[in-house]
Amino acid sequence: QGSDINWAAISVKVSVNNGAPVTCDNSADGTAGCVLVEFGATGDQVWSVGDGVTIKENGVDLCSTACVIEVTITDTSEGKTLDNSDATAE
């Protein structure tokens, strides 16, 4: 819902078991502990309606047993939290 957001303005942070958040890289070429893999219309530079992301570990074991994962998505150009959710991974 709403207008497209340039990927450069998106920040996705993951916190495991209330630990320090890790900021995921916006491309699979990144070096952070997690990366975002876009699905949907992947030929552009924006996150638009119908697009989504899969959060993947990137050489770091963020959660190897049952854990609570909190994900925060921020529009950094407006300093606005777009979504904050948590789930238990088993």
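The structure holds one aromatic pair, where rings of Phe, Tyr and Trp (its six-membered ring) pair if their centres lie within 6.5 Å, planes under 30 degrees apart counting as stacked, over 60 as edge-to-face and the rest as tilted. The rings of W7 and W47 have centres 5.0 Å apart and planes at 10°, so this pair is stacked. The model is predicted: local features need pLDDT of at least 70 and side-chain atom pairs count only at pLDDT 80 or more, while totals for chains, interfaces and linings use all residues. Residues are numbered from 1 along each chain as its sequence is written, and side-chain values use heavy atoms, with hydrogens and water left out.

**Aromatic pair**

- W7 lies in the loop between β1 (5-6) and β2, and W47 in strand β5 (residues 46-47), so the pair ties together parts that are 40 residues apart in sequence; strands (E, at least two residues) and helices (H or I, at least four residues) are DSSP runs, numbered from the N terminus.
- W7 counts as buried because its relative accessibility is 9%; buried means under 20% relative accessible area, exposed over 50% and partly exposed in between (1.4 Å probe, protein chains only).
- W47 is also buried, with a relative accessible area of 17%.

**Sheet and strand β2**

- Strand β2 is joined to β3 by two bridges, and K13 stands opposite T23 in β3.
- Seven bridges link β2 to β7, and these strands run antiparallel; the bridge partner of V16 in β7 is I69.
- Six of the seven residues of β2 are buried, leaving the strand mostly covered.

**Nonpolar core**

- In soluble globular proteins, nonpolar side chains tend to be buried together.
- The largest nonpolar core has 14 residues, and those with the most contacts inside it are I10, V12, V14, C24 and I73; such a core is a set of buried Ala, Val, Leu, Ile, Met, Phe, Trp, Tyr and Cys residues joined through side-chain atoms within 4.5 Å.
- Two or more residues of this core come from each of β2, β4 (34-39) and β7 (67-75), and the largest share, four residues, is that of β2.
- Leaving aside neighbours within four places in sequence, V12 is in contact with V22, T23, C24, L36, I55, V71, T72 and I73, where contact means heavy atoms within 4.5 Å.

**S15**

- S15 lies in strand β2 (residues 10-16) and counts as buried at 11% relative accessibility.
- The side chain of S15 reaches the backbone oxygen of G19 at 2.7 Å.
- Not counting residues up to four places away in sequence, S15 touches A20, P21, V68, I69 and E70.

**Loop between β2 and β3**

- The hairpin of β2 and β3 has five residues between the strands.
- N17 is in the loop between β2 and β3 (22-23) and has a positive phi of about 50° although it is not a glycine.
- N17 is partly exposed, with a relative accessible area of 47%.
- N18 is in the loop between β2 and β3, and its phi is near 65°, a positive value in a residue other than glycine.
- N18 is exposed, with a relative accessible area of 74%.

Notes:
A polar contact is a pair of N or O atoms within 3.5 Å; within protein, one must be able to donate a hydrogen and the other to accept it, and residues adjacent in sequence count only if both atoms are side-chain atoms. Two strands pair if DSSP finds at least two bridges between them.
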